[in-house]
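Subject: Structure handover

Dear colleague,

Please find the structure we spoke about below.

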Amino acid sequence: MSSGARSHTAPPPDQRAPVNLPRLAEMKANGEPIVMVTAYDYPSATVAEAADVDIVLVGDSAANVVLGYPGTEQVTMEEMVMLGKAVRRGLRTPLMVGDMPMGSYESSNELAIQNAQRLVKETGCQVVKLESGGVAVERARAIVRAGIPVMGHLGLTPQTATALGGYKAQGKSAKDAIKLLEDALALQSVGCFAIVFEAVPAAITEAIVAKLEIPTIGIGAGPSTSGQVLVFHDLLGITTGRMAKFVKRYADVHDQMVGAMGQYAAEVRSRHFPEPDHVYSVEPTELDEFRRYLDQESLTSQKAWDWEPLP
Ligand code: KIV
């Protein structure tokens, strides 16, 4: 699964500088690929930290991959805040992005600013992400003006997948590609520091990113973006079932987890677990004293409460 993996020796965490917006701009300028991944809790954040990724997104894909909802439409601000707080505790170096869930920003600039501030204040994320062009451009402008950096997200935007005709590649006609370019330029012009392109033909992405100055991150958008993002559970093979075309599985963690859990269950049932290594010992004198107590005649439960250590 991990064949062909690049060797990247992460410097020790205490020697890594936290990733910030100037660093991302510098990476784009130098042609250094930006590595982004999602995380939704403390353990996934510590994995991302240890793997030396640059950006961690507390994505609303949490709806599907950790909360079991059918789509991202269902996840709430409360749930995103709870997940974001857990991620913050496991991260030191990567830039942390809080995803704004559906319903948290579309209806007004005030609502968008209020919820962006809530994500930053309560979860400790440094920046927020919101989906689509159109009205989201105005919301992005308002949030940026309020002092919170914004990452845009174009192409397949799962919150509005129904309106897009389902979970399928976007920008496949010249007309749709022009709209994508216009939205990307609009997001850049209102101050977005980066844009995610999801499920866009590689050639269209390449033509669009050539017109942009800000870093771009792709997921199913080909190799021309400044960086790539994948969902934690997809790349590790924790998610099961049908995967999007753009997912590469680098491990089969689900199968490993089921295998390990099955072995545990079998060992409990066959009494092979726990083994001597997994049990606590007791001083023999204490054990003897306890046994003498048990050997006393007429021991009652009431006496057990009253019992004093033997002299
Ligand atoms: O929520 C998410 O995981 C995302 C990524 C696919 C970019 O938005």
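The radius of gyration used here is taken over C-alpha atoms, and the rule for a globule is 2.2 Å times the number of residues to the power 0.38. On that rule a compact globule of 311 residues would come out near 19 Å, but the protein chain has 26 Å. Its C-alpha atoms fill a box of roughly 90 × 45 × 40 Å along the principal axes.

Before the details, note that this is a predicted model, in which local features need pLDDT of at least 70 and side-chain atom pairs count only at pLDDT 80 or more, while totals for chains, interfaces and linings use all residues. Residues are numbered from 1 along each chain as its sequence is written, and side-chain values use heavy atoms, with hydrogens and water left out.

Overall

The chain has twelve helices and eight strands; these are DSSP runs numbered from the N terminus, with helices being H or I of at least four residues and strands E of at least two. Of the 311 residues, 41% count as buried. Buried means under 20% relative accessible area, exposed means over 50%, and partly exposed lies in between (1.4 Å probe, protein chains only). The chain exposes about 17000 Å², of which carbon and sulfur atoms supply 57%; the areas come from the Shrake-Rupley method with a 1.4 Å probe, and for residues only the protein chains shown count as cover. Among contacts (heavy atoms within 4.5 Å) with a separation of 6 or more, 57% are between residues 24 or more positions apart.

Strands count as paired if DSSP finds at least two bridges between them. Strand β6 (residues 194-198) pairs with β7 in the parallel sense over four bridges, and valine 196 has isoleucine 217 of β7 as its bridge partner. Between β6 and β7 the chain passes through helix α8 (residues 202-209), and this β-α-β crossover is right-handed. Right-handed means that, with the strands pointing away from the viewer, the path from the first strand over the helix to the second runs clockwise. On to strand β8 (residues 227-230): β7 pairs with β8 in the parallel sense over two bridges, and glycine 227 is the bridge partner of isoleucine 217 there. In β7 (residues 216-219), Thr216 and Gly218 point one way and Ile217 and Ile219 the other, and all are buried.

Single residues

Valine 87 is in helix α4 and counts as buried because its relative accessibility is 0%. Its contacts, not counting residues up to four places away in sequence, include Tyr40, Val56 and Met96. Alanine 45 is 42 residues from valine 87 in sequence but 5.2 Å away in space, C-alpha to C-alpha.

Tyrosine 69 is in the loop between α3 (62-65) and α4 (77-90), and is partly exposed at 26% relative accessibility. Leucine 83 is 14 residues from tyrosine 69 in sequence and 15 Å away in space, C-alpha to C-alpha.

Aspartate 183 belongs to helix α7 (residues 174-189). The relative accessible area of aspartate 183 is 11%, so this residue is buried. Leaving out residues up to four places away in sequence, aspartate 183 touches Gly133, Gly134 and Leu154.

Cysteines

With a disulfide defined as a pair of cysteine sulfur atoms within 2.5 Å, the count is zero. For cysteine 125 the nearest cysteine sulfur is that of cysteine 192, 15 Å away, which is too far for a bond. Cysteine 125 is buried at 2% relative accessibility, and cysteine 192 is buried with a relative accessible area of 2%.

Regards
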